[in-house]
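Thanks for looking at this one with me. Here are my notes, point by point, for you to read alongside the model.

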Amino acid sequence: MAVFTEVSFDEARELLRHLRLGELQELRGIEGGIENTNYFATTDHGAYVLTLFERLSAAQLPFYLYLMKHLAQAGIPVPDPHGDPASGDLLQTVAGKPAAVVDRLRGRSELAPSPAQCAAVGAMLARMHLAGRGYERSQPNLRGLAWWNETVPVVLPHVDAAQAALLRSELAYQNHVAASPAYAALPRGPIHADLFRDNAMFEDGVLTGFFDFYFAGVDTWLFDIAVCLNDWCVHLPDGSHDAGRTAAFLQGYAQERAPTAAERRLLPALLRAGALRFWISRLWDYHLPREASILKPHDPTHFERVLRQRITHPVHLP
Ligand SMILES: Nc1ncnc2c1ncn2[C@@H]1O[C@H](COP(=O)(O)OP(=O)(O)O)[C@@H](O)[C@H]1O
Ligand SMILES: N[C@@H](CCOP(=O)(O)O)C(=O)O
């Protein structure tokens, strides 16, 4: 269960009262998630999620919280964070940790998405990218190329020779891609950067929103597309891409924003980048877990398989 820090009912009730969100009726720790402590908090006013940030610092958090506020105000269905009534500050402190209270999205995650649902996610992702253009705060993708360069040497001692060779060669390839003129031409802005099936909600088959923005950062829009395709549109047993879901996702996206020439050219490379990013982070979480925290680390070998598939079977924009 992803409750790394216990919050008492009284403490949560005081915070929700202070934020003028009503009288707490139920506080329930949320199972699932590997990064933060999350509670569902239900009051007589509404349904909220209380998050205590376990890894991110108070200096890093305003970027994510004000991004969610910005997107919510632009009509993108993301959890709206609630501010202090006096100061407007979106960042709170609970049990000595930085914390936030956001709206709870309706529905549940769709873990076996249809092509139509992938198209809806693609379209909403494009709308989110466009809405993010007016956001004035900036913070890099903290799990981007610099972090891969730092972290690959840390995980190398834990993998076999073939995996080490692949990690090294793919990292060299991605450094080469990132230095290219086509990469410099990619459109960029705030991206979600972790929009997996378990970070979107559906109710009665209809997409109700995206959540878990705590890996967001300013990066290429194409990287966000690649992260989505690598999760929503792959066959989970072997990491191969599903042509129907991929086409639907890309059509949904393109209906809202047409991809540029540089994006067309670099999709295969960024699909590899997206697979590498999560292979590295899963290896890191698996072999170097935080003390007493990660109960169910994700399987790193899945993204090794996705990466190998992306290298041997490149996918191009139609
Ligand atoms: N705003 C939200 N609305 C509805 N459910 C949420 C919301 N935020 C988190 N959850 C629920 O909590 C679970 C864990 O949240 P997540 O953000 O993935 O945790 P972590 O950041 O620790 O990985 C999600 O799978 C979802 O069920
Ligand atoms: N989506 C990532 C892990 C991030 O965890 P989340 O629960 O915050 O989405 C992965 O699958 O490796």
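1. Let me begin with valine 121. Leaving out residues up to four places away in sequence, valine 121 touches Ala200, Leu207, Cys228, Trp232, Phe249 and Gly252. Contact here means that the C-beta atoms of two residues, placed from the backbone, lie within 7 Å. A word on the basis: this is a predicted model, in which local features need pLDDT of at least 70 and side-chain atom pairs count only at pLDDT 80 or more, while totals for chains, interfaces and linings use all residues. Residues are numbered from 1 along each chain as its sequence is written, and chains are lettered from A and ligands numbered from 1 in the order in which they are written.

2. Which residues touch the most other members of the largest nonpolar core? They are Val121 and Phe249, in a core of 83 residues. Helix α9 (residues 261-287) gives the most to this core, with 12 residues. Domain 1 (9-103) and domain 2 (115-312) both contribute residues, so the core lies between them. A nonpolar core is a set of buried Ala, Val, Leu, Ile, Met, Phe, Trp, Tyr and Cys residues joined through C-beta atoms within 7 Å. Buried means 20 or more other C-beta atoms within 10 Å of the residue's own, exposed means 12 or fewer, and partly exposed is in between, with C-beta atoms placed from the backbone. In soluble globular proteins, nonpolar side chains tend to be buried together.

3. On the domains themselves: the chain is divided into domain 1 (9-103) and domain 2 (115-312), with bounds that come from an automatic or database domain assignment. Their centres, taken over C-alpha atoms, are separated by 26 Å. At the contact between them, 18 residues of domain 1 meet 17 residues of domain 2.

4. The axes of helix α3 (residues 115-131) and α8 come within 7 Å and cross at roughly 35°. Helices (H or I, at least four residues) and strands (E, at least two) are DSSP runs, numbered from the N terminus. Axes are lines fitted to C-alpha atoms, for helices over the stretch in contact, and angles run from 0 to 180 degrees between N-to-C directions. The α3 and α8 crossing is right-handed; among the contact residues are Val121 and Leu125 of α3 and Phe249 and Gly252 of α8. A crossing is right-handed if the near helix is turned clockwise from the far one by less than a right angle, and left-handed if anticlockwise.

5. Helix α8 also packs with α7, at an angle of about 150° and with the axes 10 Å apart. The two are therefore roughly antiparallel to each other; angles over 145 degrees count as such, under 35 as roughly parallel, 65 to 115 as roughly perpendicular and the rest as oblique. This crossing is right-handed. Ile225, Cys228, Leu229 and Trp232 in α7 meet Arg245, Thr246, Phe249 and Tyr253 in α8.

6. Helix α5 (residues 161-178) and α9 pack at an angle of about 130°, with 10 Å between their axes. That makes α5 oblique to α9. Their crossing is left-handed, and the contact is made by Glu170, Gln174 and Val177 of α5 with Ala269, Arg272, Ala273 and Leu276 of α9.

7. Is valine 234 buried or exposed? With 22 other C-beta atoms within 10 Å, valine 234 is buried, although its place is in the loop between α7 (221-232) and α8 (243-256). Beyond its neighbours within four places in sequence, valine 234 contacts Gly239, Ser240, His241, Asp242 and Val306.

8. Two backbone angles deserve a look. Arginine 20 has a positive phi of about 60° although it is not a glycine; this residue sits in the loop between α1 (9-18) and β1 (24-29) and counts as exposed, with 10 C-beta neighbours inside 10 Å. Aspartate 212 also has a positive phi, near 60°. Its loop runs between β8 (206-210) and β9 (217-220), and aspartate 212 counts as buried, with 22 C-beta neighbours inside 10 Å.

9. Last, lysine 97, which is found in strand β5 (residues 97-103). Lysine 97 counts as partly exposed, with 18 C-beta neighbours inside 10 Å. Apart from its neighbours within four places in sequence, lysine 97 is in contact with Thr5, Leu52 and Phe53.
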